[in-house]
Amino acid sequence: MNEITLADFGLKTNPFDLIVADEESSTKYKLYGRADQLKKIDKFIEQALVSKTQKRILLRGEYGTGKSHHLLQTHQKINDGNYGEKVIAVYLGNLGVSFRRFYEIYIDSLRKQIPEINEFLKTLKPVEPEASVDPAYKKEKLRDNILENFQLITANLQYNEYRGIFLLIDEAEDIVQSNDNEEIQYFIQSLLHFINKLQGLPLHIVMGLSREALFKISNVDEDSSQDRKLGDALFQRFSVKEEIVLGYLSLENARDMILDRLNSARIAKNNSVYPIREGVIKVINEITGGHPRETLTLINKGMENAMKSGTKEVDGNCILPIFATHTLFFNKKIVLDWSRLAEITAQIYEKDNLLSADFERLRGKLIGEGEAVAINEFTDRSHAEKFTQPIGGIRVLLNI
Ligand SMILES: Nc1ncnc2c1ncn2[C@@H]1O[C@H](COP(=O)(O)OP(=O)(O)OP(=O)(O)O)[C@@H](O)[C@H]1O
Ligand SMILES: [Mg+2]
């Protein structure tokens with residue numbers, strides 16, 4: 001069997017191997033199905049620039065729905081001057097839930113983006129508490145020092161006629177991954193202090209958040225005797241009405257996302273999703289509900305499979321084994337239960353020889369790729385009925 005290469009697919013590189021947004025990919029790839037969300041971010045920035053005091057907005061979306069992509073793209077847009085001169089954005093992600101990193105990355109970014117501020121930054125006091133500070137208060141002192149420096153820096157930027165500073169906080173994923181409640185608590189507390197203390201300044205916040213992160217933040221101080229929990233206190237600082245929600249993609253948007261990626265790896269753009277079969281996109285969209293990262297993951301695995309097995313097209317046969325091992329994010333279920341399928345196959349065989357032969361013949365098309373399994377492909381019309389009824393709760397074929 002000959003292996004197929006990317007070149008056989010008309011691709012220079014594999015455009016599906018990157019499923020975590022980074023600086024480069026978020027400018028290279030377009031966001032589909034997000035017109036409303038992008039408009040809201042735009043409006044938020046415009047309004048914040050008119051206001052002289054802090055504005056805050058939440059960008060809510062589950063794992064892999066594009067939070068980082070939106071934040072990085074917004075970061076780029078602001079710093080490219082799309083909102084005029086003297087507006088600056090700082091992307092604060094992958095902080096490992098550390099407030100100190102929050103500050104350090106902020107300083108580093110300013111240093112790179114506004115070299116003329118360097119001399120001033122050097123005059124700031126180090127934030128590390130002095131040795132004489134009581135160890136019990138060290139963390140509080142560190143936070144106070146950081147907030148004080150934030151205040152001084154903002155005053156300096158205002159003096160230099162900066163109209164707005166946007167902090168794009170992308171910490172949801174790290175919060176979900178962290179097992180250190182104390183660390184999360186300190187980070188959230190610090191953000192709360194940050195908001196309370198600096199809310200009179202044009203230091204605006206766009207914060208990415210997922211349900212899992214929210215859950216973690218909300219439960220971080222379970223045994224708190226205070227009426228109001230820390231998480232609640234933080235979220236009350238954001239308007240629920242104005243939050244931006246990233247949902248799943250329609251079939252059309254998912255296809256556009258795939259096409260955009262393919263075109264980025266082609267010498268000449270076109271409108272075909274080759275080597276992916278159209279029907280495969282439809283099935284993946286149905287199974288994942290249009291989840292962006294899941295869609296890209298499955299397409300990537302399908303491409304790998306096609307190349308390994310020497311198939312010139314990513315069809316049902318390439319996708320089926322992937323469904324048998326892929327755990328869906330939202331319900332943690334394996335898409336296709338392989339052993340259950342074997343059981344069903346055996347049961348069909350016992351019941352009806354002809355039906356069993358049909359079943360074998362149509363295997364690999366089970367996912368209902370487009371027109372692939374048409375009713376007239378059955379030897380006996382009644383088999384079409386049998387196949388399209390759920391057997392033991394599992395629908396074996398889609399009725400076409
Ligand atoms: N609407 C979209 N259009 C095109 N590509 C998208 C869209 N949404 C997400 N993507 C792509 O899906 C992948 C996942 O997006 P991203 O990394 O931004 O998710 P996330 O919400 O930050 O996830 P996490 O919670 O794990 O941090 C990226 O490769 C991104 O480019
Ligand atoms: Mg992310």
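1. Leaving out residues up to four places away in sequence, L167 touches V90, L92, L203, H204 and I205. In this predicted model, L167 is also one of the residues with the most contacts inside the largest nonpolar core, together with F166, L168 and V206. That core has 46 residues, and its largest share, 6 residues, comes from helix α8, which covers residues 181-198. Apart from this core lies another one, of 24 residues, which includes A254, M257, I276 and A306. As background, nonpolar side chains in soluble globular proteins tend to be buried together.

2. The surroundings of the ligand deserve a careful look. Ligand 1 is surrounded by 26 residues, and the closest are G66, K67, S68, H69 and P292. The elements that give two or more residues to this shell are α3 (67-79), α7 (172-177) and α13 (292-309). Sorted by class, the shell around ligand 1 holds 13 nonpolar, 9 polar and 4 charged residues.

3. Is L296 buried or exposed? L296 counts as buried, because it has 23 C-beta neighbours inside 10 Å, and the cut-off for a buried residue is 20 or more. Once its neighbours within four places in sequence are left aside, L296 is in contact with F16 and I19. L296 and I284 are 12 residues apart in sequence, and their C-alpha atoms are 9.6 Å apart in space.

4. V97 counts as partly exposed, because it has 18 C-beta neighbours inside 10 Å. For E161, which is not a glycine, phi is positive at about 70 degrees, and its place is in the loop between α6 (138-159) and β3 (164-170). E161 is exposed, because 8 other C-beta atoms lie within 10 Å, and a residue counts as exposed with 12 or fewer.

5. Which residues does a cis peptide bond join? The bond joins Y274 and P275, with omega at about 10 degrees. P275 is placed in the loop between α11 and α12 (278-288).

6. On the chain as a whole, there are 17 helices and 7 strands, and the C-alpha atoms fill a box of roughly 85 × 55 × 40 Å along the principal axes. Of its 400 residues, 33% count as buried. Among contacts between residues at least 6 apart in sequence, 73% join residues at least 24 apart.

7. Finally, a word on confidence. The chain averages a pLDDT of 88, and 91% of the residues score at least 70. Confidence is highest in helix α11 (residues 251-264), at a mean of 98, and lowest in strand β7 (residues 394-395), at a mean of 54.

Notes
Residues numbered from 1 in each chain as written. Chains lettered and ligands numbered in written order. Predicted model: local features only at pLDDT ≥ 70, side-chain atom pairs only at ≥ 80, totals over all residues. Near = placed C-beta within 6 Å. Helix = DSSP H or I, 4+ residues; strand = E, 2+ residues; numbered from the N terminus. Nonpolar A, V, L, I, M, F, W, Y, C, P; charged D, E, K, R; others polar. Core = buried A, V, L, I, M, F, W, Y, C linked by C-beta atoms within 7 Å. Contact = placed C-beta atoms within 7 Å. pLDDT = per-residue confidence, 0-100.
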